[in-house]
Amino acid sequence: MVLLHVKRGDESQFLLQAPGSTELEELTVQVTQVYNGRLKVQRLCSEMAELAEHGVFLPPNMQGLTDDQIEELKLKDEWGEKCVPSGGSVFKKDDIGRRNGQAPNEKMKQVLKKTIEEAKAIISKKQVEANVCVTMEMVKDALDQLRGAVMIVYPMGLPHYDPIRMEFENKEDLSGTQAELSVIKESEAQLWWAAKELRRTKKLADYVGKNEKTKIIVKIQQRGQGAPAREPIISSEEQKQLMLYYHRRQEELKKLEENDDDSCLNSPWADNTALKRHFHGVKDIKWRPR
């Protein structure tokens with residue numbers, strides 16, 4: 001199995017294994033699905049953290065309004081009355097005005113937070129350092145855990161306009177958001193290795209050879225964005241160590257220059273003819289007249 005270290009730009013994303021005989025059309029789709037799946041988990045974790053703190057989403061026509069404005073316009077949050085968290089709610093106002101402030105109690109809040117941490121760990125970039133490959137099954141497992149936690153805290157479900165429910169139903173609308181820029185469509189995804197585009201019409205072995213124990217760094221890119229930057233010759237950590245070595249070396253040379261004192265050469269132990277004169281019996285001869 002060829003080991004692929006997938007990156008977006010200079011940032012590590014995840015590890016993936018694939019046989020050399022894999023069609024690059026299939027591999028590109030697989031890499032893109034895992035990449036986009038991890039982004040979905042991250043978006044869900046972010047929204048669920050807000051859910052744990054401030055309750056469910058307000059209706060779109062009530063978001064950002066003050067209590068006085070809501071009362072003046074006679075608006076009513078019907079879903080907010082239905083979506084009461086298990087064990088009751090604790091009021092915690094959302095200063096942004098996106099959620100209704102009816103947060104779950106501490107016990108239910110911990111259920112959500114613990115699940116969020118577990119899901120983040122599954123798709124974490126630290127998996128690269130641990131040499132753990134991330135598969136679509138792992139991404140789906142993280143999504144299932146998040147879905148289960150929401151069902152425990154909100155057994156009646158969430159409003160149809162809540163972004164968490166929309167993410168679970170694959171109805172999310174990311175248009176006009178920063179998250180939209182990160183997502184890559186499967187049909188527009190490109191894989192690059194060694195400054196070469198891995199064309200979908202070929203197989204992985206056509207580029208990396210038949211050695212199944214090969215490890216390569218693959219960069220995922222949106223079509224039309226051009227070739228990604230090449231990998232640096234040395235890593236940032238190696239560069240830091242190299243700079244530290246040269247700094248220490250310069251300090252050592254500076255100290256040697258400061259201690260450049262050759263007066264010690266006049267000492268008896270520095271005389272390289274002392275042994276010869278000792279055997280000739282001419283040691284300690286003085287040429288001064290008595």
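Predicted model: local features only at pLDDT ≥ 70, side-chain atom pairs only at ≥ 80, totals over all residues.
## Basis of the model

Local features need pLDDT of at least 70 and side-chain atom pairs count only at pLDDT 80 or more, whereas totals for chains, interfaces and linings use all residues. Residues are numbered from 1 along each chain as its sequence is written, and side-chain values use heavy atoms, with hydrogens and water left out.

## Overall form

The chain has a radius of gyration of 34 Å, while a compact globule of 290 residues would have one near 19 Å (taken over C-alpha atoms; the globule rule is 2.2 Å times the number of residues to the power 0.38). Its C-alpha atoms fill a box of roughly 125 × 55 × 30 Å along the principal axes, and 36% of the 290 residues count as buried (under 20% relative accessible area, with exposed over 50% and partly exposed in between, using a 1.4 Å probe and protein chains only).

## Salt bridges

The structure holds 19 salt bridges, each being a side-chain nitrogen of Lys or Arg within 4 Å of a carboxyl oxygen of Asp or Glu. One of them joins Lys219 and Asp10 at 3.5 Å, N to O; this pair links strand S7 (residues 215-222) with the loop between strands S1 (2-8) and S2 (11-18), 209 residues apart (strands are DSSP runs of E, at least two residues, and helices of H or I, at least four, numbered from the N terminus). Lys219 is buried at 4% relative accessible area, whereas Asp10 is exposed at 58%.

Glu167 and Arg43 meet at 2.7 Å, N to O, linking helix H7 (residues 163-168) with helix H1 (residues 24-54).
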